[in-house]
Amino acid sequence: MKRQLDRTYRQHQRGVRLTPGVKPLIRDLYRRGVRLGILSDDPKREIIRRLRREGLRRYFHFIGTSEQYPPKPSPAGVRAFLHSQKLKPVEALFVGDLADDIKAGRAAGVRTVAYLNGWQDTATLRRSHPGFSIRHFDQLLSIFLPRQQK
(Lines give C-alpha, C1' and ligand atoms only; values in the text may rest on other atoms or scores of the structure.)
Protein backbone atom coordinates (compact mmCIF):
# COMPACT_ATOMS: atom_id res chain seq x y z
CA MET A 1 0.00 0.00 0.00
CA LYS A 2 2.77 2.47 0.93
CA ARG A 3 4.57 1.83 -2.37
CA GLN A 4 1.37 2.55 -4.28
CA LEU A 5 0.82 5.77 -2.35
CA ASP A 6 4.43 6.84 -2.96
CA ARG A 7 4.11 6.07 -6.69
CA THR A 8 0.81 8.00 -6.93
CA TYR A 9 2.33 10.95 -5.07
CA ARG A 10 5.39 11.03 -7.36
CA GLN A 11 3.18 10.93 -10.45
CA HIS A 12 1.17 13.85 -9.11
CA GLN A 13 4.32 15.82 -8.28
CA ARG A 14 5.73 15.41 -11.79
CA GLY A 15 2.85 17.55 -13.00
CA VAL A 16 3.49 20.30 -10.44
CA ARG A 17 5.34 23.21 -12.00
CA LEU A 18 6.64 26.47 -10.64
CA THR A 19 4.45 29.50 -10.96
CA PRO A 20 5.77 31.73 -13.75
CA GLY A 21 8.24 34.29 -12.43
CA VAL A 22 9.15 32.37 -9.28
CA LYS A 23 12.52 31.06 -10.47
CA PRO A 24 14.00 34.49 -11.30
CA LEU A 25 12.53 35.89 -8.07
CA ILE A 26 14.22 33.17 -5.99
CA ARG A 27 17.55 33.85 -7.69
CA ASP A 28 17.14 37.61 -7.21
CA LEU A 29 16.29 37.31 -3.52
CA TYR A 30 19.20 34.96 -2.95
CA ARG A 31 21.57 37.32 -4.78
CA ARG A 32 20.37 40.12 -2.46
CA GLY A 33 21.31 38.03 0.58
CA VAL A 34 17.79 36.95 1.57
CA ARG A 35 17.79 33.68 3.53
CA LEU A 36 15.22 31.42 1.86
CA GLY A 37 13.40 28.49 3.40
CA ILE A 38 10.59 26.10 2.63
CA LEU A 39 8.10 24.79 5.15
CA SER A 40 5.84 22.13 3.71
CA ASP A 41 3.69 19.13 4.51
CA ASP A 42 5.23 17.34 1.52
CA PRO A 43 7.97 14.77 2.21
CA LYS A 44 11.41 16.38 2.39
CA ARG A 45 12.88 14.03 -0.21
CA GLU A 46 10.20 15.10 -2.70
CA ILE A 47 10.82 18.79 -2.06
CA ILE A 48 14.54 18.31 -2.62
CA ARG A 49 13.85 16.32 -5.78
CA ARG A 50 11.62 19.13 -7.14
CA LEU A 51 14.15 21.82 -6.25
CA ARG A 52 16.94 19.91 -7.97
CA ARG A 53 14.75 19.32 -11.05
CA GLU A 54 14.19 23.09 -11.26
CA GLY A 55 17.84 23.93 -10.53
CA LEU A 56 16.92 25.74 -7.30
CA ARG A 57 18.21 23.53 -4.47
CA ARG A 58 21.28 25.65 -3.75
CA TYR A 59 19.19 28.77 -3.08
CA PHE A 60 17.41 27.37 -0.01
CA HIS A 61 19.01 27.52 3.41
CA PHE A 62 16.25 25.58 5.17
CA ILE A 63 13.76 22.88 4.26
CA GLY A 64 11.35 21.95 7.00
CA THR A 65 8.52 19.46 6.76
CA SER A 66 5.80 17.96 8.91
CA GLU A 67 8.12 14.92 9.12
CA GLN A 68 10.30 17.10 11.38
CA TYR A 69 7.91 19.62 12.95
CA PRO A 70 4.25 19.68 13.92
CA PRO A 71 2.18 20.60 10.86
CA LYS A 72 1.01 24.15 10.29
CA PRO A 73 -0.74 26.07 11.81
CA SER A 74 1.84 25.22 14.47
CA PRO A 75 4.57 27.88 14.41
CA ALA A 76 7.27 25.31 15.27
CA GLY A 77 8.64 25.05 11.71
CA VAL A 78 8.71 28.82 11.26
CA ARG A 79 10.51 29.21 14.58
CA ALA A 80 12.99 26.49 13.57
CA PHE A 81 13.78 28.43 10.39
CA LEU A 82 14.28 31.64 12.37
CA HIS A 83 16.55 29.88 14.85
CA SER A 84 18.59 28.10 12.16
CA GLN A 85 19.20 31.37 10.31
CA LYS A 86 19.70 33.46 13.45
CA LEU A 87 16.84 35.76 12.46
CA LYS A 88 14.42 37.74 14.58
CA PRO A 89 10.73 37.46 13.65
CA VAL A 90 10.72 41.09 12.49
CA GLU A 91 13.39 40.17 9.91
CA ALA A 92 11.32 37.44 8.27
CA LEU A 93 8.45 37.19 5.84
CA PHE A 94 6.34 34.04 5.53
CA VAL A 95 4.51 33.50 2.25
CA GLY A 96 1.75 30.92 1.99
CA ASP A 97 -1.22 29.87 -0.06
CA LEU A 98 -3.21 28.32 2.80
CA ALA A 99 -4.83 29.84 5.88
CA ASP A 100 -2.77 27.47 8.05
CA ASP A 101 0.40 28.97 6.53
CA ILE A 102 -0.70 32.45 7.54
CA LYS A 103 -1.71 31.28 11.01
CA ALA A 104 1.68 29.62 11.51
CA GLY A 105 3.54 32.75 10.47
CA ARG A 106 1.41 35.00 12.65
CA ALA A 107 1.85 32.68 15.65
CA ALA A 108 5.63 32.86 15.15
CA GLY A 109 5.44 36.67 15.05
CA VAL A 110 6.62 37.11 11.44
CA ARG A 111 5.07 39.22 8.71
CA THR A 112 2.79 37.14 6.50
CA VAL A 113 1.86 37.23 2.84
CA ALA A 114 -1.09 35.35 1.38
CA TYR A 115 -0.58 34.18 -2.20
CA LEU A 116 -4.12 34.45 -3.56
CA ASN A 117 -3.60 32.38 -6.71
CA GLY A 118 -2.66 29.22 -4.85
CA TRP A 119 -4.55 26.26 -3.44
CA GLN A 120 -7.10 27.97 -1.20
CA ASP A 121 -9.89 30.35 -2.05
CA THR A 122 -9.32 34.05 -1.50
CA ALA A 123 -12.04 34.53 1.13
CA THR A 124 -10.61 31.81 3.38
CA LEU A 125 -7.10 33.22 3.04
CA ARG A 126 -8.26 36.75 3.85
CA ARG A 127 -10.06 35.50 6.99
CA SER A 128 -6.68 34.29 8.28
CA HIS A 129 -5.64 37.98 8.43
CA PRO A 130 -2.40 38.04 6.45
CA GLY A 131 -0.28 41.14 6.71
CA PHE A 132 -0.20 41.37 2.92
CA SER A 133 -1.88 39.69 -0.02
CA ILE A 134 -0.46 39.17 -3.49
CA ARG A 135 -1.63 37.67 -6.76
CA HIS A 136 1.79 37.68 -8.47
CA PHE A 137 5.11 36.79 -6.89
CA ASP A 138 6.86 39.81 -8.37
CA GLN A 139 4.84 41.84 -5.84
CA LEU A 140 7.01 40.38 -3.06
CA LEU A 141 9.94 42.68 -3.74
CA SER A 142 7.85 45.73 -2.89
CA ILE A 143 6.84 44.13 0.42
CA PHE A 144 10.08 42.50 1.47
CA LEU A 145 12.72 44.95 0.38
CA PRO A 146 12.91 48.64 1.22
CA ARG A 147 12.24 50.93 -1.73
CA GLN A 148 15.86 51.92 -2.19
CA GLN A 149 16.99 48.29 -2.69
CA LYS A 150 14.62 47.37 -5.55
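The largest cavity has a volume of about 30 Å³, a cavity being a set of points on a 1 Å grid over the protein atoms alone where a 1.4 Å probe fits but cannot get out, and the volume being the space filled by probe spheres set on the points.

The model is predicted, and local features need pLDDT of at least 70, side-chain atom pairs count only at pLDDT 80 or more, while totals for chains, interfaces and linings use all residues. Residues are numbered from 1 along each chain as its sequence is written, and side-chain values use heavy atoms, with hydrogens and water left out.

The protein has 7 helices and 5 strands, which are DSSP runs (helices H or I, at least four residues; strands E, at least two) numbered from the N terminus.

The structure also holds 4 aromatic pairs, in which rings of Phe, Tyr and Trp (its six-membered ring) have centres within 6.5 Å, with planes under 30 degrees apart counted as stacked, over 60 as edge-to-face and the rest as tilted. The rings of Y30 and Y59 are edge-to-face, because their planes stand at 85 degrees, with the centres 5.0 Å apart. Since Y30 lies in helix α2 and Y59 in the loop between α3 and β2, this pair ties together parts that are 29 residues apart in sequence. Y115 and F137, in turn, form a stacked pair, 4.2 Å centre to centre and with 25 degrees between the planes. Both Y115 and F137 are buried, that is, under 20% relative accessible area (1.4 Å probe, protein chains only).

Note on methods:
On a 1 Å grid over the protein atoms alone, a cavity is a set of points where a 1.4 Å probe fits but cannot get out, and a pocket is an open set with protein on both sides within 12 Å along at least five of seven lines; lining residues have an atom within 4 Å of a point. Buried means under 20% relative accessible area, exposed over 50%, partly exposed in between (1.4 Å probe, protein chains only).
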